[in-house]
Amino acid sequence: MLLGSVMFVMTLFYLVNWRDDDIRRYSWSIISTTISIFTAVLIFSGIHDFLFEMLFELGFHQQRNVVFTILINYITLLLWCA
């Protein structure tokens, strides 16, 4: 697995230093998109878990069932769309 990771990074360096400008641009675009998706998933997961724990600490732990989960999901939806 370590050798595969090293090989992947070497391939990335090879592609971003290619002679053709189009290959360099598309390589950077793919790397940027991948990092953006990874960061968005981490931010969403962190905020969702934070809301879950905050509502749990406020006393909603008695109703920790499907209704509680749906409530947290709707609150998250409203925060992202606001």
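The expected span of a helix is 1.5 Å times one less than its number of residues. The views below show a predicted model.

**View 1. Helix 2 and its extent.** Helix 2 is made up of 37 residues, and the distance from its first C-alpha to its last is 54 Å, close to the 54 Å expected at 1.5 Å a residue. Its buried residues are Ser27, Ile31, His48, Leu51, Phe52 and Leu55. These buried residues of helix 2 pack against helix 1 and helix 3.

**View 2. The packing of helix 1 on helix 2.** Two packed helices are described by the angle between their axes and the distance between the axes. For helix 1 (residues 2-16) and helix 2, the angle is about 135° and the axes are 8 Å apart. Helix 1 is therefore oblique to helix 2. Helix 1 contributes Leu12, Leu15 and Val16 to the contact, while helix 2 contributes Ile23, Arg24, Ser27, Trp28 and Ile31. Sorted by class, the residues in this contact of helix 1 with helix 2 are 6 nonpolar, 1 polar and 1 charged.

View 3. Helix 3 has 16 residues and spans 22 Å between its first and last C-alpha, close to the 22 Å expected at 1.5 Å a residue. Phe68, Ile72 and Thr76 are buried in this helix. Viewed down the axis of helix 3, the buried residues fall within an arc of 75°, so they line one face of the helix. An α-helix has 3.6 residues a turn, so residues three or four places apart point the same way. The buried residues of helix 3 pack against helix 2 (21-57). On the face of helix 3 turned away from the buried side are the exposed residues Val66, Val67, Tyr74, Leu78 and Cys81.

**View 4. The surroundings of Thr76.** Thr76 belongs to helix 3 (residues 66-81). Its relative accessibility is 4%, and because buried means under 20% relative accessible area, Thr76 counts as buried. When residues up to four places away in sequence are not counted, Thr76 touches Phe44, His48 and Leu51. Thr76 and Ile47 are separated by 29 residues in sequence, and their C-alpha atoms lie 8.1 Å apart in space.

**View 5. The surroundings of His48.** His48 is part of helix 2. With a relative accessible area of 19%, His48 is buried, because the cut-off for that class is under 20%. Apart from neighbours within four places in sequence, His48 is in contact with Ile72, Asn73 and Thr76.

Methods: Residues are numbered from 1 along each chain as its sequence is written. This is a predicted model: local features need pLDDT of at least 70, side-chain atom pairs count only at pLDDT 80 or more; totals for chains, interfaces and linings use all residues. Side-chain values use heavy atoms; hydrogens and water are left out. Helices (H or I, at least four residues) and strands (E, at least two) are DSSP runs, numbered from the N terminus. Buried means under 20% relative accessible area, exposed over 50%, partly exposed in between (1.4 Å probe, protein chains only). Contact means heavy atoms within 4.5 Å. The arc is that of the directions from the helix axis to the C-beta atoms. Axes are lines fitted to C-alpha atoms, for helices over the stretch in contact, and angles run from 0 to 180 degrees between N-to-C directions. Angles under 35 degrees count as roughly parallel, over 145 as roughly antiparallel, 65 to 115 as roughly perpendicular and the rest as oblique. Ala, Val, Leu, Ile, Met, Phe, Trp, Tyr, Cys and Pro count as nonpolar, Asp, Glu, Lys and Arg as charged, and the others, Gly among them, as polar.
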